[in-house]
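Work through the exercises below with the sequence and the structure in view. Try each task before reading its solution.

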Amino acid sequence: MIKSTKIKRMLKISNSKGPALFLWLALFVCMTLLVRADERSAPAVDVYNKAVRLYEKGRWGQAKELFHQYLAEYSDSPLYVTSLYYLGYCYQQLGDTREAISIYHKVMDEAQGGDAFWGEMAEIRTKELESTLNTPD
């Protein structure tokens with residue numbers, strides 16, 4: 001534990017203790033929150049990375065399950081739309097065309113800003129899949 005005299009020296013506090021102490025406490029609180037955020041995001045990154053590795057290996061069923069887990073547990077993630085797109089592609093590869101289309105529509109609804117690419121890709125996939133559904137055997 002740092003003694004208050006050391007804190008004063010570190011902050012070079014003169015006669016006005018209040019503002020410097022407030023800044024130090026604010027810094028401490030911010031650092032604590034950042035550490036907790038990193039601890040919380042570590043499992044999210046692990047689940048996402050495992051799902052992507054399975055996806056890249058073509059292990060669609062296992063990847064699908066992990067993407068479902070990721071999306072359920074980390075719906076506020078910046079990788080939400082990307083994961084949703086990958087989930088749709090897993091369903092597409094597993095032959096569940098209707099579910100893939102449904103998920104691609106969610107991607108298009110959710111994709112904004114930096115995720116616009118995924119919305120465009122989902123739109124292309126949807127058109128491809130819908131054309132196969134409308135083609136008579």
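This is a predicted model: local features need pLDDT of at least 70, side-chain atom pairs count only at pLDDT 80 or more; totals for chains, interfaces and linings use all residues.

**Exercise 1. The chain as a whole**

Task: Then describe the chain's secondary structure and its burial.

Solution. 
Step 1. Residues are numbered from 1 along each chain as its sequence is written, and side-chain values use heavy atoms, with hydrogens and water left out.
Step 2. The chain has 6 helices and 0 strands. Helices (H or I, at least four residues) and strands (E, at least two) are DSSP runs, numbered from the N terminus. Along the sequence the pattern is α-α-α-α-α-α.
Step 3. Of the 137 residues in the chain, 31% are buried. Buried means under 20% relative accessible area, exposed means over 50%, and partly exposed lies in between (1.4 Å probe, protein chains only).
Step 4. Take the contacts between residues at least 6 apart in sequence: 45% of them join residues at least 24 apart. Contact means heavy atoms within 4.5 Å.

**Exercise 2. Helices α4 and α5**

Task: Are α4 and α5 roughly parallel or roughly antiparallel to each other? Name the residues that meet.

Solution. 
Step 1. Helix α4 covers residues 80-93 and helix α5 covers residues 97-110. Their axes are 8 Å apart, and the packing angle is about 165 degrees. Axes are lines fitted to C-alpha atoms, for helices over the stretch in contact, and angles run from 0 to 180 degrees between N-to-C directions.
Step 2. Angles under 35 degrees count as roughly parallel, over 145 as roughly antiparallel, 65 to 115 as roughly perpendicular and the rest as oblique. α4 and α5 are therefore roughly antiparallel.
Step 3. The crossing of α4 and α5 is left-handed. A crossing is left-handed if the near helix is turned anticlockwise from the far one by less than a right angle, and right-handed if clockwise.
Step 4. On the α4 side, the residues in contact include Tyr80, Val81, Leu84 and Tyr85. On the α5 side they include Ala100, Ile103, Tyr104 and Val107.
Step 5. By class, the contact of α4 with α5 has 11 nonpolar, 2 polar and 3 charged residues. Ala, Val, Leu, Ile, Met, Phe, Trp, Tyr, Cys and Pro count as nonpolar, Asp, Glu, Lys and Arg as charged, and the others, Gly among them, as polar.

**Exercise 3. Helix α6 against α4 and α5**

Task: Find how α6 is oriented to α4 and to α5.

Solution. 
Step 1. The axes of α4 and α6 come within 10 Å and cross at roughly 20 degrees. This makes α4 roughly parallel to α6.
Step 2. Residues of α4 in this contact include Thr82, Tyr85 and Tyr89, and they are met by α6 residues that include Trp118, Met121 and Leu129. The classes are 8 nonpolar, 2 polar and 1 charged.
Step 3. For α5 and α6, the axes come within 9 Å and the crossing angle is roughly 150 degrees. α5 and α6 are therefore roughly antiparallel.
Step 4. Among the residues making the contact are Ile101, Tyr104 and Met108 of α5, and Ala122, Thr126 and Leu133 of α6. The contact of α5 with α6 has 9 nonpolar, 4 polar and 4 charged residues.

**Exercise 4. Single residues**

Solution. 
Step 1. Thr126 is in helix α6 (residues 116-133). Its relative accessible area is 3%, so Thr126 is buried. Leaving aside neighbours within four places in sequence, Thr126 is in contact with Ile101, Tyr104, His105 and Met108.
Step 2. Thr82 lies in α4 and is buried, with a relative accessible area of 7%. With neighbours within four places left out, Thr82 is in contact with Tyr48, Asp115 and Trp118.
Step 3. Tyr80 also belongs to α4, but Tyr80 is partly exposed, at 21%. Not counting residues up to four places away in sequence, Tyr80 touches Leu71, Tyr74, Ser75 and Glu110.
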